[in-house]
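Dear colleague,

Please find the structure below, with a short account of the findings after it.

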Amino acid sequence: MKDETYYVIQKKDENFGLVNVPIYLSSTFRQIEPSKPIKYEYARTQNPTREIMEEVIARIENGNYGFLFSSGMSAIDTLLSILKPNDHILVDIDVYGGTYRILEKLYKKFSVDVEYVDFTNLELLKKSIKDNTKMLIVETISNPLLRTPNISEISKIKKNALLVVDNTFSTPYYFKPLDNGADVVIHSITKYLSGHSDIVMGAIIVNDKSLADEIKFYQNTKGGVPSPFDLFLLSRGLKTLHIRMERHTENAKRIVEFLRNNENVKEVIYPGYSGMVSFRIKKDVFEFTRKLKIITLGESLGGVESLLNVPYYMTHASIPENERIKRGITKDLIRLSVGIENVNDLIEDLKNALNF
Ligand SMILES: Cc1ncc(COP(=O)(O)O)c(C=O)c1O
């Protein structure tokens with residue numbers, strides 16, 4: 001079955017023939033006798049709505065096991081829980097600010113040895129992998145500089161480390177890390193997969209059974225699981241993923257062309273697919289954002305509406321200033337999540353905002 005079909009039909013409901021995922025609101029479940037549940041015991045551990053959607057999320061990434069969480073950060077935290085003190089991990093220099101923050105403020109406190117390297121430099125990465133390197137963490141399209149490290153080449157040099165790929169920006173519609181040598185895929189579902197800026201959710205997808213058992217254990221232990229209402233919204237959003245992604249890309253390509261030809265734009269960064277475009281402008285960033293009428297200034301991305309973010313002041317503000325500058329997250333850098341609106345309206349909006 002093609003992914004596009006799977007996004008739409010999900011799992012066949014054998015009881016009533018439902019075409020949508022049912023929202024089961026039950027935090028607990030009746031047992032036949034002590035310690036003999038009918039199937040489910042307690043909704044943090046598992047519930048029928050989440051079970052359906054975990055199967056869907058695994059399937060669309062071509063994985064064997066999927067796990068859903070109350071946010072992308074909860075998914076990342078749960079995955080990092082498998083580390084032990086003195087384990088060494090390598091992280092790409094250009095990652096989401098929240099990923100950087102949890103490593104710096106929490107996991108370093110637990111004596112995890114965190115090192116940042118440029119994953120587009122394979123020679124350097126190879127040299128940095130030690131015997132006790134347990135994880136390599138990288139994004140398929142990095143945030144916010146939109147670099148695209150080569151996942152299959154990285155998988156060839158990873159030795160015993162788990163290759164963890166955050167596929168939030170690419171989505172499985174464009175790229176499937178598990179098919180390209182990754183061991184773990186993570187997602188902020190908040191973004192493209194749900195697609196309507198109405199839920200916060202995360203996912204982990206793996207192939208290996210013993211790794212899946214470990215993640216399942218920490219998912220239940222930590223308890224950052226999504227609500228059945230939100231899972232319904234994920235199912236609804238996912239059904240249009242393929243159509244949305246094509247329109248995001250189509251619109252983004254037109255905007256890139258416009259920006260590249262605008263005299264007030266210094267640099268345009270675009271990976272060639274998906275709806276994320278970063279650019280640097282010659283004008284005052286505050287004045288530019290004040291003049292936007294259609295595009296919304298706000299954190300997040302991947303929704304049907306266009307969202308614009310200034311990473312230096314917003315999403316990446318938790319990274320110390322000298323680090324931000326060193327990584328190219330300068331005050332003039334703008335990250336645009338191109339929505340699915342009429343692209344001519346978006347171009348007009350940018351043109352007006354840049355013209356002062
Ligand atoms: C690439 C990436 N990974 C993870 C996260 C964290 O996800 P959430 O905001 O759903 O907790 C984000 C959030 O912006 C992100 O952009």
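How many aromatic pairs does a search of the whole structure find? The search finds 9 aromatic pairs; rings of Phe, Tyr and Trp (its six-membered ring) pair if their centres lie within 6.5 Å, with planes under 30 degrees apart counted as stacked, over 60 as edge-to-face and the rest as tilted. The rings of F217 and Y218 have planes at 80° and centres 5.2 Å apart, so this pair is edge-to-face. F217 is partly exposed at 49% relative accessibility, and Y218 is partly exposed at 23% (buried means under 20% relative accessible area, exposed over 50%, partly exposed in between, with a 1.4 Å probe and protein chains only). Y312 and Y313 also form an edge-to-face pair, 4.9 Å centre to centre with 75° between the planes. Y312 is buried at 7% relative accessibility, whereas Y313 is partly exposed at 37%. Y173, Y174 and Y273 form one aromatic cluster.

Please note that this is a predicted model, in which local features need pLDDT of at least 70 and side-chain atom pairs count only at pLDDT 80 or more, while totals for chains, interfaces and linings use all residues. Residues are numbered from 1 along each chain as its sequence is written, and side-chain values use heavy atoms, leaving out hydrogens and water.

As for the chain overall, 56% of its 356 residues count as buried. Among contacts (heavy atoms within 4.5 Å) between residues at least 6 apart in sequence, 69% join residues at least 24 apart. The C-alpha trace spans about 75 × 50 × 35 Å along its principal axes.

Yours sincerely
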